[in-house]
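Student: Could we go through this model together, starting with how exposure is going to be judged?

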Amino acid sequence: MLTACLFAQLALILPAAAQQLDATVGAETRINEQSAESQSRVTALARESQDMLAEYRAVVSETESLKIYNDNLESVVSSQRNEVESINRQLAGLESTHRGVVPLMLEMIDTLDRMVEADIPFHLSERKARVLRLRAMMDLAEVTVSEKYRQVMEAYLGELEYGRTTEAYSDTLASTGQTVDFLRVGRTLLVYQTSDHSVTGWFNPVTRGFEELNDERFRLEVKNGLAIARNEKAPDLVMLPVPAPEAVE
């Protein structure tokens, strides 16, 4: 009888205990699920915070780089502004210089023209043509003043070089129209000889004309001088007619 009562009580207690256990397990399961969800949210928030922190640091770094770049750019712009102002001042001064240089170059060309006319007449056509080119160049707007000055000085240097050189060349004798061999010794002497060596002459700076040299000894001397100038013979002493210096009054 007692056993039957015990079983009856157990039958009543077990279902209630099972229900309570199920409720406890369910509550714990829900707690675990909620905890897992909370952990996921925390993990996501932590990752998001790290991403935001990295982005913030990148923005700060970029901002610092931009500041450094802007500071440097400002220095460059300031330097360029100063350079532009300096160039403008130089251009203003250059314009004033141009106004003084151009008349000087024109005068130099006139002097060069007079010098060619007064000199012994070697390469006369070439030298006169150079003077004409210089005059025409001075009227060309597309040629800079510095280039004009360079060409004028180059012409003067070419003329100076003539005074230090000796050369032999063929050209037409102005007085007869005959082609002869000329021997130029600096700017001091200009002699000539026909190709058959039959006629020898010189430019007389006193009379400003070409004259024959009737002295037979000059025929061989001029022939030898032409050969030396052409590097056909070794340098040697030759006797050539040199005008005597005029007395200064």
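This is a predicted model: local features need pLDDT of at least 70, side-chain atom pairs count only at pLDDT 80 or more; totals for chains, interfaces and linings use all residues.

Student: Where is Arg-208 placed, and what is its phi?

Tutor: Arg-208 sits in the loop between β4 (200–204) and β5 (209–212), and although Arg-208 is not a glycine, its phi is positive, at about 55 degrees.

Student: Which segment holds Asn-231?

Tutor: Asn-231 lies in the segment after α4 (217–229), and Asn-231, which is not a glycine either, has a positive phi of about 65 degrees. With a relative accessibility of 69%, Asn-231 counts as exposed.

Student: Switching to the sheet, what is the strand order?

Tutor: The five strands form an open sheet in the order β1-β2-β3-β4-β5, and their pairing is antiparallel.

Student: And which strands stand at the edges?

Tutor: Those are β1 (166–172) and β5, and since each has a single partner strand, one side of each is left without a neighbour in the sheet. From one strand to the next, the twist averages 30 degrees.

Student: How many bridges join β1 to β2?

Tutor: Seven bridges join β1 to β2 (residues 179–185), and the two strands run antiparallel. As one example from this pairing, Thr-172 has Thr-179 in β2 as its bridge partner.

Conventions. Residues are numbered from 1 along each chain as its sequence is written. Side-chain values use heavy atoms; hydrogens and water are left out. Helices (H or I, at least four residues) and strands (E, at least two) are DSSP runs, numbered from the N terminus. Buried means under 20% relative accessible area, exposed over 50%, partly exposed in between (1.4 Å probe, protein chains only). Two strands pair if DSSP finds at least two bridges between them. Axes are lines fitted to C-alpha atoms, for helices over the stretch in contact, and angles run from 0 to 180 degrees between N-to-C directions.
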